[in-house]
Amino acid sequence: MAAELSVEALRAEIDQIDEVIVRLLDSRARCAYAIGRVKRREGKPVYEPAREASVLAHVRDVNQTLGGPLDGEAIVRLFERVIDEARRIQRLEAARSDEVGAGNVAATTGQGE
Amino acid sequence: MVVVMKERASDAEVQAVIAHLVERGMDVHRSSGAARIVLGVVGSGTVDRALVSLMEGVHEVLRITEPYKLASRTFKAEDTVIAIGDIRIGGDEVIVMAGPCSAETEEQVHATAAAVKRAGAKVLRGGAFKPRSSPYSFQGHGEAGLKMLRDGADAHDLKLITEVMDSSQIEVCAKYADIFQVGARNMQNFTLLRELGRARTPVMLKRGIAATIEEWLLSAEYVLSGGNSNVMLCERGIRTFETSTRNTLDVSAIPIVKELSHLPVFVDPSHGTGRRDKVAPMARAAVAAGADGLLIEVHNDPDHAWSDGAQSMFPAQFERLMAELRIIAPAIGRSICLEPLARRGWAR
């Protein structure tokens, strides 16, 4: 396929893929935000190393079935950034709730990152 | 025909054109777009198009060749967006309406409303007046059912859509519902359509089981020409020789109607297939084909539903479907249900 498409056509495809990636990252961030709300309510820590490890293992597994140019380490590096941002969203969410006066916030905010 | 006014046409010029048309026995529907005013002209009077095109302030006069006028893209090029409270039907977001076939008990309505809200639906569906194939089947709770549905919708911050079967039900339904649904069997009940044209509540017009797209749009024209411009269409399957599904869902109707008309198009995969396990694939296809929304039957306990149990989804199935749709919609540049997270004022 790639050999027959022009650079312009491939770049147009990349722009389109990027738009979908951004929309999906937005969806993912909103899920992380919703989880952050639950964590705050239940007094759970923002940073959960076991869950982060399982997210990375999952994307590495999915990537392996594709056999594409991105190797396991590359996909893990990319998703480490995605997780960093999700953790940041949850930390901000926990901090925001200070204003609302949730009692268990003080116990959780310190544990992020 | 459509009279497109010049961008800088004055009020006096617009009024002169309207007066000219009204004198000749035509009805004029004025719509003010961002840049210019467009006059939709319908009626049985005789108007000399050449004469109108020479009037002051007139940019051009177009003939609408389709038998439906107000519903056509020629009349209105941009998509119709219907705002109901904080939801916008026909915009970037695909709107999902879900709920039971009929309101049975308060517990059932509340449990189902909670489930569909959690999964991302914006509108609760449910019937209080049921058009059943058999006169011996459950016919609905009437106004008591409407009250149950309204309470369920309000308790979970949902809008409410319910079916109006007869002109006599419009008044009572208007007290409770945000959207009126006209069922497939009533698509050509022209008396009802005329009455709904006088109502101010948005109308969802389902496609008749043996109706062509043109007939369907002509039915929409009845509501539009009565003055109610908030009309959305819903494909729900047509009757074919195939018997393995209850109806044959005409997915191709979506892009065709989107081209012919500016009205939002919904799909009802529940009636479209009549089989619970076929609802999700057809819902995915509808979103991919460009539907503006879905109407899905969900019941908190489908095995004990009083009607349409076989095509009602379990709440967990519906949640899974919504998660799938949230992945499909971005591929065609749209979104589904992102609002619950944004509502709390989350910005940066």
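I call a residue buried if 20 or more other C-beta atoms lie within 10 Å of its own, exposed if 12 or fewer and partly exposed in between, with C-beta atoms placed from the backbone.

**Ground rules.** I am working with a predicted model, where local features need pLDDT of at least 70, side-chain atom pairs count only at pLDDT 80 or more, and totals for chains, interfaces and linings use all residues. Residues are numbered from 1 along each chain as its sequence is written, while chains are lettered from A and ligands numbered from 1 in the order in which they are written.

**Helix H7 of chain B.** I found 10 of its 13 residues buried, so H7(B) is largely enclosed by the rest of the structure. Among the buried ones I noted B:Trp216, B:Glu221 and B:Tyr222. The cover over them includes strand S3 (37–42), helix H6 (190–198) and helix H8 (253–260) of chain B. After H7(B) comes B:Gly227, with a positive phi near 110 degrees.

**B:Lys76.** I found this lysine in the loop between strands S4 (58–62) and S5 (82–84) of chain B. Is B:Lys76 buried or exposed? B:Lys76 counts as buried because it has 21 C-beta neighbours inside 10 Å. Leaving out residues up to four places away in sequence, B:Lys76 touches B:Ser31 and B:His262; contact here means C-beta atoms, placed from the backbone, within 7 Å. I also noted 11 Å between the C-alpha atoms of B:Lys76 and B:Val3, which sit 73 residues apart along the chain.

Notes:
Helix = DSSP H or I, 4+ residues; strand = E, 2+ residues; numbered from the N terminus. Contact = placed C-beta atoms within 7 Å.
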